[in-house]
Amino acid sequence: MSEQDWVLHVDLDQFVAAVEVARRPWLRGRPVVVGGVGDPTRRGVVATASYEAREFGVRSGMPLRVAARRCPDAVFLPSDAPAYEAVSERVMAVLRELPAVVEVIGWDEAFLGARTADPEALAAVVRATVAERTGLSCSVGIGDNKLRAKLATGFAKPAGVYRLTAGNWVAVMADRPVTALWGVGGRTAAKLAGVGVRTVADLARSDPAELAGHFGPATGPHLRRLALGAGDPVVSATPWVARSRGRETTFQEDLTSVDEIRGQVSALARRVARDLREEGRPAVRVVVKVRFAPFSTATHGVPLPEPSAEAEVIERCALAALARFELTRAVRLLGVRAEFAVPPDPSEPTG
């Protein structure tokens, strides 16, 4: 086999749960659920669940109370972001010792760019090295671009390796729902279904002009490119930088007073502004998240007049975003997120 450029997507298996089990070895093999303050009698959502808990239908984003009903024998633990960040840094340092360019894209995942004749052999080295040096398991997707490598990891999990390229794209992906594509969520899928597009093959055969009419001149054609498996083949070692900073609060008792809701959003906005100033990065947009009782969530955002980290500006824009909601139902969660200006990703639409 001749050498060629490959993209590998490394994804740590059940990362947060795995970190917690590593700290408490006696939990190995037991269903573990991490989220909130670790108390399923209080409000909060599942951040992650071990594979043992997932067998009972426990999923990320699920209310802790529901998780407890589905898996009453689960061990519930509070989230510990500093611990996860520390372990993530160790894993990424290990990856950087391998013969590949490493592009970190989150706590538990990274792209590797490498020139090799045997990407499966390199993937095996990645898995063995991460396991030996950190005690964690990972899955590796192999592709000829980032999109295909990322999707391949889904087929590799747990603890495996899978290759997805132009050669097997149609055979593997054509009959799958559009939500199988990276970046296509439920709302977009619903809109696509409204125009008769349900599978990846349907989307690939769609007229780009018609898609542009329904989804906009950038997003419409981009969706079709996703269905064709097009993606960025270049892995960059530029350090990963967060695209936003946010704060949110789940209330143990529903909020029903509009004044109280506004007050909570103002407080969250000021905390976010403090985070921005400490990081030294101004925001360009503020987004407010509201979760209404019993469990429906919506977001609204507004752009800032100019980049800013000033508390008064962030608060004013957060309240402007809140004003777009109809606050006629009880509120169980509020969140404020400040988004940064970021360089365009060549694999994503522009304009």
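Q: Where is Gln 14 found?
A: In this predicted model, Gln 14 is found in the loop between strand S1, residues 4–12, and helix H1.

Q: And what is phi for that residue, Gln 14?
A: Phi of Gln 14 is near 35°, which is a positive value in a residue other than glycine. Most residues other than glycine have a negative phi.

Q: Is Gln 14 buried or exposed?
A: Gln 14 has a relative accessible area of 19%. Buried means under 20%, so Gln 14 is buried.

Q: Which other residue has a positive phi, near 55°?
A: That is Ala 159, also a residue other than glycine. Ala 159 is placed in the loop between H6 and S8. Its relative accessibility is 37%, so Ala 159 counts as partly exposed.

Q: What about the peptide bond from Lys 157 to Pro 158?
A: The bond from Lys 157 to Pro 158 is cis, with omega near -5°. Pro 158 sits in the loop between helix H6 (146–156) and strand S8 (161–164). Most peptide bonds are trans.

Q: Where is Pro 294, and what form does the bond from Ala 293 take?
A: The peptide bond from Ala 293 to Pro 294 is cis as well, with omega near 5°. Pro 294 lies in the loop between strand S10 (283–292) and strand S11 (296–308).

Q: Changing topic to helices: at what angle do the axes of H1 and H4 cross?
A: The axes of H1 (residues 15–23) and H4 (residues 81–95) cross at roughly 95°, and they come within 10 Å. Angles from 65 to 115 degrees count as roughly perpendicular, so H1 and H4 are roughly perpendicular to each other.

Q: Which residues meet there, between H1 and H4?
A: From H1, the residues are Phe 15, Val 16, Val 19, Glu 20 and Arg 23. From H4, they are Ala 83, Tyr 84, Val 87 and Ser 88.

Q: How many of the residues in the contact of H1 with H4 are nonpolar, polar and charged?
A: The contact of H1 with H4 has 6 nonpolar residues, 1 polar residue and 2 charged residues.

Q: Back to H6: is Lys 146 buried or exposed?
A: Lys 146, which is found in helix H6, has 8% relative accessibility and therefore counts as buried.

Q: What does Lys 146 touch?
A: Leaving out residues up to four places away in sequence, Lys 146 touches Val 7, Glu 103, Phe 111, Trp 182, Asp 232, Val 234 and Val 235.

Q: How many Å separate the C-alpha atoms of Lys 146 and Arg 277?
A: Those C-alpha atoms are separated by 33 Å, and the two residues are 131 residues apart along the chain.

Q: Where does Ser 266 lie, and which residues does it touch?
A: Ser 266 lies in helix H12, residues 258–279. Not counting residues up to four places away in sequence, Ser 266 touches Glu 315 and Leu 319. With 12% relative accessibility, Ser 266 counts as buried.

Q: Last topic: how many cavities of 30 Å³ or more are there?
A: The count comes to 1 cavity of 30 Å³ or more. The largest cavity has a volume of about 30 Å³.

Q: Which residues line the largest cavity?
A: Its lining consists of Gly 44, Val 45, Thr 250, Arg 291, Arg 332 and Leu 333. By class, the lining of the largest cavity divides into 2 nonpolar, 2 polar and 2 charged residues.

Key
Residues are numbered from 1 along each chain as its sequence is written. This is a predicted model: local features need pLDDT of at least 70, side-chain atom pairs count only at pLDDT 80 or more; totals for chains, interfaces and linings use all residues. Side-chain values use heavy atoms; hydrogens and water are left out. Axes are lines fitted to C-alpha atoms, for helices over the stretch in contact, and angles run from 0 to 180 degrees between N-to-C directions. Helices (H or I, at least four residues) and strands (E, at least two) are DSSP runs, numbered from the N terminus. Angles under 35 degrees count as roughly parallel, over 145 as roughly antiparallel, 65 to 115 as roughly perpendicular and the rest as oblique. Contact means heavy atoms within 4.5 Å. Ala, Val, Leu, Ile, Met, Phe, Trp, Tyr, Cys and Pro count as nonpolar, Asp, Glu, Lys and Arg as charged, and the others, Gly among them, as polar. On a 1 Å grid over the protein atoms alone, a cavity is a set of points where a 1.4 Å probe fits but cannot get out, and a pocket is an open set with protein on both sides within 12 Å along at least five of seven lines; lining residues have an atom within 4 Å of a point. Grid points are joined across faces, edges and corners, and a volume is the space filled by probe spheres set on the points. Buried means under 20% relative accessible area, exposed over 50%, partly exposed in between (1.4 Å probe, protein chains only).
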